Amino acid sequence: MKKLQNYVTGQWIEGNGEGVPMHDAVTGEIVALSDTEGLDFAEILQYGRTKGGEVLRKMTFQERGNMLKSLALYLTKRKAAFYELSYRTGATKVDSWIDIEGGFGNLFANASLRKLFPNQSYHVEGEPIDLSRGGRFMAHHILVPKRGVAIHINSFNFPVWGMLEKCAVNWMAGMPAVVKPATNTSFLTEAVVREIIASGILPEGALQLIAGSARTILDGVGSQDVVTFTGSATTGRLLKSHQRIIDESVPFTMEADSLNASVLGEDAVPGTPEFDLFIKEVRTEMTVKAGQKCTAIRRIIVPQNLVEDVQIALGKALDKVTIGDPRLKEVRMGALVSKEQVAEVRERVQELSKTAKIVYGDLNHVKTIGADASKGAFISPILLREDDPFKNLAVHETEAFGPVSTIMPYKSLDEAITLAQLGKGSLVSSITTNNDAIAKDYVINAASHHGRILVINRESAKESTGHGSPLPSLVHGGPGRAGGGEEMGGMRGVKHYMQRTAIQGSPSTLTEITGIYQPNSKYKDAPQHPFKYHWEDIQPGMSLKTHKRTFTDTDIINFANVTWDHFYAHTDITSLEGSIFEKRTAHGYFIISAAAGLFVYPNKGPVSANYGLEDCRFLRPLYHNDTVYARLTCKQKVDRDVASAEHPSGIVKWFVEVFDAEDELVAVATILTMVQKKQETFVEITDEKIEDCLSILTADTKPQWGILTPQHLLEHLEEGYRIASGEIQDFNCVTPEEIVEKVHNSLYTYDKFPKGTVFPTYKKGELEDLKHPDFETAKAKLVEARDAYLLFFKENSDVVLKNMVFGDMNKYEWYLLERKHLNHHFEQFNLL
C-alpha cells in the first residue's frame, strides 16, 4: 500500500512505522497510508526558521506578492488532478471548487496586498508621533517579520483552502510554514504540496509538510514561532494550554467549531424575496461540503409565527438534494469524510434529539445515486426543531459537524439576539431582512458574539458571497467558543506574523530607518531637478527648494472664474466682517496649484503623470500680495503593477511644504506622481549597433539556443521589417482575441522574449526554406528592409499596422518590438 511522504528538511521522506490508512469517503477503499514515525519535529522547525526564513525575511513585500501570484497561476493550471483526489474526500465539484480554487484565490488576494505595503521587507505602520515641542524627537511604529516558523494544524474539511489561506498570509509577512493537515484528507494536501515544491517558486524551507500525526510538535516551539489551529474547541484548548506555548508566550490562533446562527427577519414572510433567499441559504449551508464547514448554519432562528412555514419550505428544498457519488453531475451532496465522522454526527444528533424533534431526514437510512451507501460515509440531511430554546440549551452547546441544523422560534428581535448570543461566540451569523432598521439593531447588538455578520436582502443577493464564505480581505475568526482568534483580514492577517516595535529618535534618523520621509528631517538637496530622475534613483529625503511667487488680486479672481469657486472670501471683500479672513483670500487649491507651478519640471522625462493628492492641509489664510515658495521632498516610494500599455513605473509620494516670505509654513500636501523605471534590459537598436552586430555575425556563427542558422536569422529579421513597413500585411493575427490586448501591452514591459519562442508561421523544430542564394545577400536585404521601415514611418508617422502576434501597432510600438526582437536574436547569436 502506498505511503504518503512528508516534505521536511528539503526532501520527501516516508515514516518508518506501519502507517495509518486513509479511506475513500465514497467507496471505503484505502487511498494511502499516513506515516510520520521517526520524524524529528524540532529539526523540522529549526530548518524552517533558518533555511526558509532567512530568504523570505530579506524579500520585499513586492517580491513576496509576486511570488504568491506566480504560485497561484502555476497551481491553477494543474487544478484538474486535484479535483480527482478531492472527490475521494466525499466532496462534490462545487465543494472541491470552494476548497481548491478558493485556496488559490487566497494566494491571488494576498498577492495583491503588496500594493498596500512599502517597497521593502518591513512595514511602517500609522502616522509619525511628535514627542517634543521642537519637533526634533519623534516616534513611529514598524513591523518586521518574526524570526520563527508558522505551524499550521489544520482540520480535515478543507485540505487545500485550510493550508493556503494561512500560508498565503505568513509568506506575505516573510515567515516560513510547517503544515500539519488532518490525517483523513492529507492525501489531497500532499498532492498540492508536491506541485508547489516542484514549481520551485517558493524558497527552499518556506513550506514543509507533515502528512499525519505530529503529537509532539509543540514541544519544540519558541517565542518567535506562531501556532494556528483549526478544529474542535476541545482539542484547541488542549493545545493552547501546552506548557511550551505558555512558557515561550507563543502566539496561538484558534479557529474552533461554532454554532453559527442565521436569523429570519420578521418582515421576511412567505412570498417575499427574503423568505426564499433565507430558505435557499440555509439549504446551501446544510449541504455544501455535507455540512462539514466551520461556518455552516447550525441554528435557524425564525419568528414564532413562521416556524411551520420555514419547516415546510426547508423540507421541500432538502427533498431536491440528491446524495451520492460526488463525481456525478446530478449529485448535489457527497459523503462525510469518514465513517467515524458519520458515527460522531449520529451521536451528536441523538444528544440534540433528547429535547429537539427530528422533522426531516433519517439517521439510519439514506438514498444514494451511483454509490453504495453501506460502503461510503453517507448520511441524510437532518433538520431538527427545538420549540423551547431558552430552556433546552443543548442546541446552543452541541454541534453535529455534518448536514444538521435546528429550527427555533423567537418572539421579538431582542429574543433573536439573545438566542444568537447563547452560542457563546461564533465565526459568523447572518440575518435575512429587507428592513435596514432591523438589520442595524441585530448587527450592533449581536456583533459582540460574532466574528462576521452578513445581512441578506434582495438588493445584495445576486452578488452576495453567502453566509458560509470566509473572504481573504475579511477577518475570519470569532470570540468565545469560536476560539477567540483571527485569520486573514487583509493587512491585519499579515501583521499577525510580524513584530510591532515602537522606534524613537530624531526625524532624520527615523527617515533612514523607515524609508519614509518624516517631517522636520534634514533635507537632501537634489543635484538636479527631482523630476529628472527615474524611479530607482529617487530616494526619501531628496528635496528641491523653489523660487518665489507673489499672489495678486488678479490671480485670485482668475482662479475663481476658471474653477467657478466664488466663495465670498475670494470674491466679495465687503463680506469679510466677522469672518476669520482679513482681506481677499487665495483659494486653498490655488495655493497648491501655484506650488505645483513652482516645482513642476516642464520638460518630458521619467515623471509620466500626476497620480493623485493626499493629506492636504491649509494652516493659515494667504492674501493678495503675499509671497510664497515651496519645498518638494520625496516622502515615500511605492511599487506598482502595470498591466496596460505603459512602461514599468512606480509611485513617488512627494511631501509639499508651502512657506511664506517669513519662512512660516502655510500649507502642506502629499502629491503622487507616476515615475517611469529605468530600462536597463535592452540595448538600444541604432544603425551603428546593427552594423556592429552584423559585422560579428558570420555564416558559421553558432546560436546559444534554438536551431536558426545565421542566414535564417537574417531572413527572419528581414521579414519582420517588411511586415513593419506595410509591405507584407496579407495575414491575420494569430493571438486569440480575448488575450490580444494583454499580449499587445507586453511590448511595453522590460521583459525579454523567452528563449525558444517560435514564430507563428514556423513549424516547431523545422527550419524554413531559405529565400536568398547566400549569407551576404541576406545581410544586404536585411539592411535594405530596415531602411524601408524607417523611411515608411518617417513619412507615415500616424499609421497603424497589424502584427501577427501583437495586433494593431503604432510607430512607437514597432520601435519597442524592434528593440525586443533584435536584442533577443542578437543575444541568441552572442552578438551583444
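In the predicted model, an open sheet is formed by 3 strands in the order β5-β6-β21, with antiparallel pairing. Its edge strands, each of which pairs on one side only, are β5 (123-130) and β21 (498-505). From one strand to the next, the twist averages 20°. Strand β6 comprises residues 138-145 and runs antiparallel to β5, to which it is joined by 5 bridges. Within this pairing, Glu 125 stands opposite His 141 of β6.

The largest nonpolar core contains 52 residues, and those with the most contacts inside it are Leu 75, Leu 107, Trp 171, Ile 196 and Val 494. Two or more residues each are given to this core by the helices α2 (61-76), α3 (79-87), α4 (93-111), α5 (161-173) and α6 (186-199), and by the strands β4 (30-34), β8 (177-180) and β9 (207-209). The contribution of α5 is the greatest, at 8 residues. The surroundings of Ile 196 were also examined. With neighbours within four places in sequence left aside, Ile 196 is in contact with Leu 71, Leu 75, Met 163, Leu 164, Leu 202 and Leu 207. Another core, of 42 residues, lies apart from the largest one and includes Val 282, Ala 290, Val 310 and Tyr 360.

An unreviewed UniProt entry carries the annotation "domain: Aldehyde dehydrogenase" for residues 13-501. Over residues 13-501 the chain is 35% helix and 20% strand. The end C-alpha atoms of this stretch are 39 Å apart.

Methods
Residues are numbered from 1 along each chain as its sequence is written. This is a predicted model: local features need pLDDT of at least 70, side-chain atom pairs count only at pLDDT 80 or more; totals for chains, interfaces and linings use all residues. Side-chain values use heavy atoms; hydrogens and water are left out. A nonpolar core is a set of buried Ala, Val, Leu, Ile, Met, Phe, Trp, Tyr and Cys residues joined through side-chain atoms within 4.5 Å. Buried means under 20% relative accessible area, exposed over 50%, partly exposed in between (1.4 Å probe, protein chains only). Helices (H or I, at least four residues) and strands (E, at least two) are DSSP runs, numbered from the N terminus. Contact means heavy atoms within 4.5 Å. UniProt positions are given in the numbering used here, feature names are shortened, and annotations may be inferred rather than shown by experiment. Two strands pair if DSSP finds at least two bridges between them. Axes are lines fitted to C-alpha atoms, for helices over the stretch in contact, and angles run from 0 to 180 degrees between N-to-C directions.
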